[in-house]
Amino acid sequence: VVATRTSGEMDKPLISHHLVDSDGSLAEAPREVPKVGILGSGDFARSLATRLVGSGFSVVVGSRNPKRTAGLFPSAAQVTLQEEAVGSPEVIFVAMFREHYSTLCGLSDQLAGKILVDVSNPTQQEHLRHHESNAEYLASLFPTCTVVKAFNVISAWTLQAGPRDGNRQVPICSDQPEAKRTILELAQAMGFTPVDMGSLASAREVEAMPLRLLPGWKVPALLALGLFVFFYTYNFIRDVLQPYLQEGKNKFYQLPVSVVNTTLPCVAYVLLSLVYLPGVVAAALQLRRGTKYRRFPDWLDHWLQHRKQMGLLSFFCAALHALYSFCLPLRRSHRYELVNQAVKQVLTNKSHLWIEEEVWRMEIYLSVGVLALGTLSLLAVTSLPSIANSLNWREFSFVQSTLGFVSLVLSTLHTLTYGWTRAFEESRYKFYLPPTFTLTLLVPCVVILAKGLFLLPCFSRRLSKIRRGWEKDGAVKFTLPVGCALAQKTSHV
């Protein structure tokens with residue numbers, strides 16, 4: 001079959017002559033390398049120049065003292081005076097502090113019509129003192145330029161190491177869409193993921209991002225610290241203060257290791273139960289309301305959002321508890337106790353001490369504890385973004401929900417085998433205070449019983465229907481705009 005060529009594109013050769021070298025091999029057509037300017041010679045400017053050169057850009061750096069700073073930049077970057085650096089590039093990065101912006105006012109005519117990329121960050125005091133962002137201040141100094149806020153959340157180390165070793169997202173905002181699009185494409189060429197934050201009015205919010213210190217961890221960290229202080233004080237009163245006041249025994253040496261090791265599992269156990277308690281409360285609210293379309297209270301909504309952080313803190317405390325437990329036999333006090341026990345055994349003429357119940361209790365206690373820590377470790381690992389992104393929603397939900405509940409049950413069994421029958425012994429109630437493990441069992445047992453209650457068909461079916469859109473009233477009413485033929489319309493769900 002002979003195909004007839006049509007006019008136009010089909011008449012052109014498949015390989016352009018401009019792409020063939022004299023020796024017949026393929027070669028890329030020459031293209032103009034985009035040029036980017038940088039004003040500043042600090043650490044960020046040097047890292048930015050390194051990244052731009054590695055991404056295929058031609059970089060010219062403007063410095064007040066180019067001879068002194070030329071050796072700090074890549075050899076491919078041209079370091080010159082500021083007046084010469086702003087001549088040819090259309091995109092210029094302003095890599096200097098806010099108080100130095102005024103030194104560039106002499107370059108206003110040369111910067112007219114160019115894109116200025118502000119990469120600066122204010123300090124906490126400067127952010128509170130100034131009502132306008134650094135980018136807006138720069139725009140007020142150079143009204144003939146287009147200012148774009150970008151790359152302020154990227155550290156100098158990330159620029160040098162590449163986006164694979166740091167955060168990839170780059171928030172970008174500007175009042176000019178074309179200028180913003182240019183910087184978006186530049187960020188993509190550098191290997192980053194640009195995020196459009198809107199107009200330059202968002203620059204103050206973008207500049208506040210690097211000032212936040214773990215914003216999602218504040219409440220969980222304070223909660224964990226509060227639990228630790230409470231249980232540490234409670235254990236100190238029972239295990240150290242009570243023997244000292246009533247029996248004259250000095251056990252203050254237990255404060256650094258033993259009391260801490262008794263406190264850590266309490267904090268980990270309660271935090272883990274608090275991860276799954278808001279889900280129980282949310283399900284109870286949905287059953288009571290008969291709908292899923294009403295918002296949860298703010299306190300419950302915030303509680304649900306902090307579950308990941310509480311779970312990771314629970315794993316941290318559990319891991320510390322395991323390490324402290326391994327260190328217990330290494331203490332000098334533990335060796336003295338073993339020697340004293342051996343001497344007492346000799347004095348009482350007992351050659352064999354073996355309590356079958358205690359042996360089995362400790363074996364089960366340790367085994368269940370290892371299993372609980374293992375499942376909790378799996379929950380912590382799947383919370384990492386790199387692992388979570390490789391799982392589909394059903395897999396992630398299975399690990400975080402099902403295995404998480406299994407971890408809570410195993411932790412409960414670990415606590416119960418530790419307590420065994422001690423909750424029923426009168427001698428365990430020191431200063432009329434119950435043993436610590438009985439306090440930790442309150443919240444987890446409520447969660448486990450509620451979870452088991454929701455598994456009953458009468459509750460599970462109704463809850464499943466509600467989460468699929470069913471409502472107790474059986475209908476949702478929509479009010480049509482005035483002027484329509486029908487005033488109201490009822491849609492049955």
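1. Helices here are DSSP runs of H or I with at least four residues, and strands are E runs of at least two, numbered from the N terminus.

2. Please keep in mind that this is a predicted model, in which local features need pLDDT of at least 70, side-chain atom pairs count only at pLDDT 80 or more, and totals for chains, interfaces and linings use all residues. Residues are numbered from 1 along each chain as its sequence is written, and side-chain values use heavy atoms, leaving out hydrogens and water.

3. The length of H17 (residues 393-419) agrees with expectation, because 27 residues at 1.5 Å a residue should span 39 Å and the end C-alpha atoms are 38 Å apart. The expected span is 1.5 Å times one less than the number of residues.

4. H17 also has a kink of about 25 degrees, centred on Gly404; the bend is the angle between axes fitted to the seven residues ending at a residue and the seven starting there.

5. Gly404 is itself buried, as are other H17 residues including Val399, Leu403, His414 and Gly419. Buried means under 20% relative accessible area (1.4 Å probe, protein chains only). Their cover includes helices H11 (258-289), H13 (307-327) and H15 (356-382).

6. After H17 comes Trp420, with a positive phi near 55 degrees.

Terms used:
Buried means under 20% relative accessible area, exposed over 50%, partly exposed in between (1.4 Å probe, protein chains only). Contact means heavy atoms within 4.5 Å.
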